[in-house]
Amino acid sequence: MSKSWQTVYSMENPLLSPTCPLLLLAEEKEQKSHTRVFYNLFDDEFYNFKLPELAGKICIGTSFGWLLSVGTDFQMNLFHPLSKHQLSLPPHPYVWEGYNRNFELDPIDYSDIFLYKCVLSRSPWNSVTHEYDRDCIIMIIHTNYKTLAFTRPGYKAWIDIKCDSRNFYDITFYKDKFYAVNNHGDVLICHIEDDIAFTERIAIYKETEDYIHKYLVESSGDLLLVSRIQGGTHYQDNEFINDESEDENPYVTLGFTVLKLECSTEVKNKNEYNWVNVDSLGDQALFVGGNSSVSLSASSFNGCKANCIYFTDDNFDFFLATLNGGGYDMGVFSMEDGNIKQHYQGESLSYFAPPVWYI
């Protein structure tokens, strides 16, 4: 059943976030009306909204009700579907140099854009001045090396962040700083002073397995490292694989583990940190995938399950290895019993823009 779009946001201030987490479904094939469908899994309602601004584009979930979009013209925008406000960002920094803009890309070639994450330090719109806020920092994980870059509203280019690491999986804004985690589980703070940025490694989690995807989430004042364990034909050496997980899918999520960052000691005016196991999220529910990783109070939304991790399919590098694109590896993981259930019963697949959380 489709309901009125206005029921999911404030008419008084449409530049706010939606009133509940929504799942932006993949763009339907042969869709000429440019209608995009948002799904509220908590009340099983669908919301149709005409959004030609997102037609044929990759969409990355951010926060504050904004999405990052990029198309085959390599133009990047922050787009607020509820208000239709759109902020033009500098062109994608990697492909801008490597491609001729006059060369038309087929949607299958979106895999060469290499855009994985986008996180905001604050809303890019200042509700007091009614102007875009140049104090907002927009950070992305991009390039085939999964490196970091940032920009601000009004800037003409992306600024690379100096770092001796790469292969980053996630970034989050925590206690007025950006934090990033790489494929080994190393956590780094990103220091940004005007237009100069550098990183400082603060914690190491010795994990080198490629089948474990990592997220950073602020939850109830703590910084959590969430590890997503995957199996399937692309992870034949994964010791967690069992006969039930071996099927035609190249990858499948088997479970999650959660750690909390704690300050242990102070050495030479610098804090040292340790990871502590987390067995329960309490009233919190985590939302991870191709979006800014978020923790929300489950009791604030009827039907939302506490102590659970809601996830979408973000295994971007393997989408071309699937039969019909990414979007099938989605579900809800229970921290209590380790079970995984589906949160969307339909099929929503895409090689370049599978479902993402809109929060």
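Reply: The average pLDDT of the protein is 86, and 82% of the residues score at least 70. pLDDT is the predictor's confidence in each residue, on a scale from 0 to 100. Residues 95-101 fall below 50; this stretch has nine contacts in the model beyond near neighbours in sequence. A contact means heavy atoms within 4.5 Å. Residues 239-247 are also below 50, with 17 contacts beyond near neighbours in sequence. Where pLDDT is low, the predicted coordinates should not be read in detail.

Some ground rules. This is a predicted model, so local features need pLDDT of at least 70 and side-chain atom pairs count only at pLDDT 80 or more, while totals for chains, interfaces and linings use all residues. Residues are numbered from 1 along each chain as its sequence is written, and side-chain values use heavy atoms, with hydrogens and water left out.

Now the whole protein. It has one helix and 27 strands. These are DSSP runs numbered from the N terminus: helices (H or I) have at least four residues, strands (E) at least two. Of the 359 residues, 55% are buried. Buried means under 20% relative accessible area, exposed over 50%, and partly exposed in between (1.4 Å probe, protein chains only). Among contacts between residues at least 6 apart in sequence, 51% join residues at least 24 apart.

Next, strand E4, residues 58-61. Ile 58 and Ile 60 point one way, Cys 59 and Gly 61 the other. All four of these are buried. In a regular strand the side chains alternate between the two faces of the sheet.

The partner of E4 is strand E5, residues 67-70. Four bridges join E4 and E5, which run antiparallel. Two strands count as paired if DSSP finds at least two bridges between them. Ile 60 has Leu 68 as its bridge partner in E5. For Cys 59, the bridge partner in E5 is Ser 69. E4 and E5 make a hairpin, with five residues between them. Phe 64, in the turn, has a positive phi of about 60°.

Finally, the sheet. It is open, has four strands in the order E4-E5-E6-E7, and its pairing is antiparallel. E4 and strand E7 (85-89) are the edge strands; each pairs on one side only. On average, neighbouring strands of this sheet are turned by 25° against each other, direction ignored. The axes here are lines fitted to C-alpha atoms.

Definitions and conventions. Axes fitted to C-alpha atoms, helices over the stretch in contact; angles between N-to-C directions.
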